[in-house]
Every structure is written in C-alpha cells, then in structure tokens.
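Here's a quick tour of how two chains sit together. Have a look at the model first, then read on.

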There are 2 protein chains.
Amino acid sequence: MKISKLSRLSGVSVPTIKFYLREQLLPPGTLTARNQAEYDETHLSRLRLIRLLTGIGMMSLASVREVLAAIDCNCLSPHRLAQVVNRALVPDHPMPAASAAAYDAAARRVGELLDEIGWSVRPDAPERESLVRVLTALESLGVPVETATFEPYVDAAERLAVRETTMQSTAGGASAVVARMVLFEVTFAVIRRIAYTHFLGQRVGRDDEPPAKACE
Amino acid sequence: MKISKLSRLSGVSVPTIKFYLREQLLPPGTLTARNQAEYDETHLSRLRLIRLLTGIGMMSLASVREVLAAIDCNCLSPHRLAQVVNRALVPDHPMPAASAAAYDAAARRVGELLDEIGWSVRPDAPERESLVRVLTALESLGVPVETATFEPYVDAAERLAVRETTMQSTAGGASAVVARMVLFEVTFAVIRRIAYTHFLGQRVGRDDEPPAKACE
C-alpha cells in the first residue's frame, strides 16, 4: 500500500509516519519509484504499536526505541521483555529528589518491604527508585509509609499479576506481549480512577454538574 | 528567597522556573528591584506540585493548568477535584480509533459493565472513552473482553478506592488532595509492575542478567 493508505488505516498522519521513518522506528518500505515506496501489514501493525506506546503508554520516543529494539532482537524471554517495558514506563523526568536523609530512609524501608513480600526485584530495577520517590513524597504529605499501609496494594497487585501473567501468551509474538502488558496496566488504571471518583463521591457527597473548566 | 535559591530547593532549573512564570503556572514573586523578585514557601510548594504532575503524573502543561485552576478556585469539592484530575491524567494523544463497529460494540459493553457494577460514572467522563479504547485494542490482540475478564479488576479497584478515599483528607488543602491522589495511583502502578515481573518470571523462568539495552 502507499503511504497515504497506511496513514488512513493507522490513523497516523503522513508527516508523522515520515518522522518515524527518519527516526528508524518504522522500517523503510520497498521503493517502487524514485519517490514512492510500498508498505505492508508489518508497517501497519508496527505503527499501531508505536501509537499504543506513545499514546496510551505515554512513553517517550527514546523509550519506544528501546522497547522496539527489544522486540526486534527476538532474543528476550517474556520475563526480560517485561523488565524492558517496565523501565520504559518510568517517566523520564523523575520528581526532584527529596532530602538525602528522607531518601535514604525511604530506600531502606522499600528494601525491607520488598524483602518481606518476597518478590524478586533486581537491585537496579527502576521500580525500586520510583517507589522510593513516591513514598518520600507521600510521607512529606502526611501519609504514613508503613508496611501495613501497603498491604492492600501488595495483595491487589499479586492477584492482578497472577491473573494477567496467566492471560499472557506468546500469541502474536513479542509485540503482542508488550501491547497486552501496557493495555492491562492502563485498563486497571482507568477502572481504578472510576472507582476512586465513585467512592469519594459516596464519602464526601457528589456533585453532578459538569466540572467547571476553571472557576472564574 | 531569590530565584536561585528557589531553584536549588525545588530541584527545578532557573530557565524552567522562568518558563513557568511566563506561562503563569507559577504566580509572580514580589519585585524588590527592577530586575529582581522575592519568592516564598508558596512558590516552592507550587513548583513541587507542578513537578509532581508533569513528572510522575506525566501530565501535559495544558492539563497541569486545568488542575492548578481547579485548586486555586478553591470552590470545588474533593469529588469534583477528583474528576478534574482524572481528566488531566488521560493522555492527550489517544490511540487511533478502532473500526467504528468495533468501537460501538465496545462502548455498549463498557456501558453494560459499568451499569452492572453500579458505580456512578458521568456519561461524559473521559474514563468511559479510555476504557472503550483499551478494550477494543485488547480484543484486537485476542484478549476476550467479557464481564468476567474484568471482575478481578473491579474487585481490586474497589478495595483500593475504599481504602484510599478513607486515607484522603482535606489536610494540606486542595493541592495536597491532588498530590496524594496522583501519588497513590503511581505507587500502585509501580508495585503492580514489580509483581507482574515477579510472577511472569515464576511462570516462564527468570533471566537475571541485566536486560540488554539493545541486542545488536
């Protein structure tokens, strides 16, 4: 198919497709004339994956590049692939560091928490640092950071992870594994936001007018 | 304090602070000389909030602006504030629309699912559309989208929401409510990724070498 059809079927504009081609996120098509190339289903599904990762997965292009490299090398187990995706899902601009003392204390507590749970987490996994940063921030906002605070999180995470890893399969190859992983995460995040608003409404009373854009 | 100290304490560079001032995300300081202004604790905590929202919350500046307006108007209940935050957390670039037929079918199913659960969700809540999009994408990847598929999600979301809305309080004002809401979400997302990798490793075998940056 021509680039215009590829654009129509994928919902991605021609200039953006050309940008992805220049950035080598999308492999080149087959040249059919000096200035014309043919694209096929592999280009279409690659484009859809890129949009999934940058759109709903909110990944930077640098992170997308790493995930695509991991998919293309075709040499990683699903477990290793999951580590690459997890790293890519961490925002590029972390929160400003808390005070060194608060950070160290939180790092120790995160280490103890993970040891207690017994999940294997690599010492250099970016999730460790993310957890330290969010916990220090929560603490500075008056939320106590104790093992008990996170028990329901650990419980829920275990339930979902057991279920999702069972629903994972190698069907569709590495790119489908990655797409399902990102989609499961977003699905739960959305359901969770709905639940949060509902239960907050129950607790504090509900306002059912449309939320004002601003209040001036 | 001077802008240089504000920068040091917040971990945000002076050019970025100037950018936030120009964009009116940060209120101006008090002029003390023709070219010098004094900033105080309110500027520091506002800067920290902006970094939380753009960094770990991955919000666009436009979304940050809406959230700050909602905080500043001081007229929204926590329930309404949660709706504004939820809308801001939805990525600006949604996934390309699936086929109209697949979309409509998924929209119907999402409506039924939400009715069954009995949570109140506004008809124009952006979470509805997000859910439709992720479910259509999952379906196209071979994951069945049935009520039963999402029961564990609904269960887990309910547990967490009940707990978190109880842990919320008006302490620290609207900005602390927003910060805690974003941090709770990220905390769970991180714990969930750790669990996912752990249980996937149990299921498919673990590779404990560092994940290769790329495999060339």
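## Symmetry

By what turn and what shift along the axis can chain B be laid on chain A? A turn of 180° with a shift of 0.0 Å does it, at an RMSD of 0.0 Å, using a least-squares superposition on the C-alpha atoms of residues with pLDDT of at least 70 in both copies. That is the relation of a two-fold axis. In chain B, the C-alpha of B:Ala156 is the one nearest the axis, at 2.8 Å.

## Ground rules

This is a predicted model, where local features need pLDDT of at least 70 and side-chain atom pairs count only at pLDDT 80 or more, while totals for chains, interfaces and linings use all residues. Residues are numbered from 1 along each chain as its sequence is written, chains are lettered from A and ligands numbered from 1 in the order written, and side-chain values use heavy atoms, with hydrogens and water left out.

## The interface

Each side brings its share to the contact (heavy atoms within 4.5 Å): 97 residues come from chain B and 97 residues from chain A. The copies meet through the same surface, because 100% of the interface residues of chain B are also interface residues in chain A. Together the two chains bury about 9700 Å², with 69% of it on carbon and sulfur atoms; buried area here is the accessible area (1.4 Å probe) lost on putting the two parts together, summed over both.

Over all chains the count is 14. One of the bridges pairs B:Glu164 with A:Arg192, with N and O 2.5 Å apart. This pair runs from helix 8 of chain B to helix 9 (residues 173–204) of chain A; helices are DSSP runs (H or I, at least four residues), numbered from the N terminus.

Several elements give two or more residues to chain B's side, including helix 3 (41–56), helix 7 (126–140) and helix 8 (147–167). Helix 9 of chain B gives the most, with 25 residues.

## Disulfides

Two disulfides turn up over all chains, counting cysteine sulfur atoms within 2.5 Å. One of them joins A:Cys73 and A:Cys75, whose sulfur atoms are 2.5 Å apart. The S-S torsion of A:Cys73 and A:Cys75 is about -90°, so the disulfide is left-handed.

Terms used: A salt bridge is a side-chain nitrogen of Lys or Arg within 4 Å of a carboxyl oxygen of Asp or Glu.
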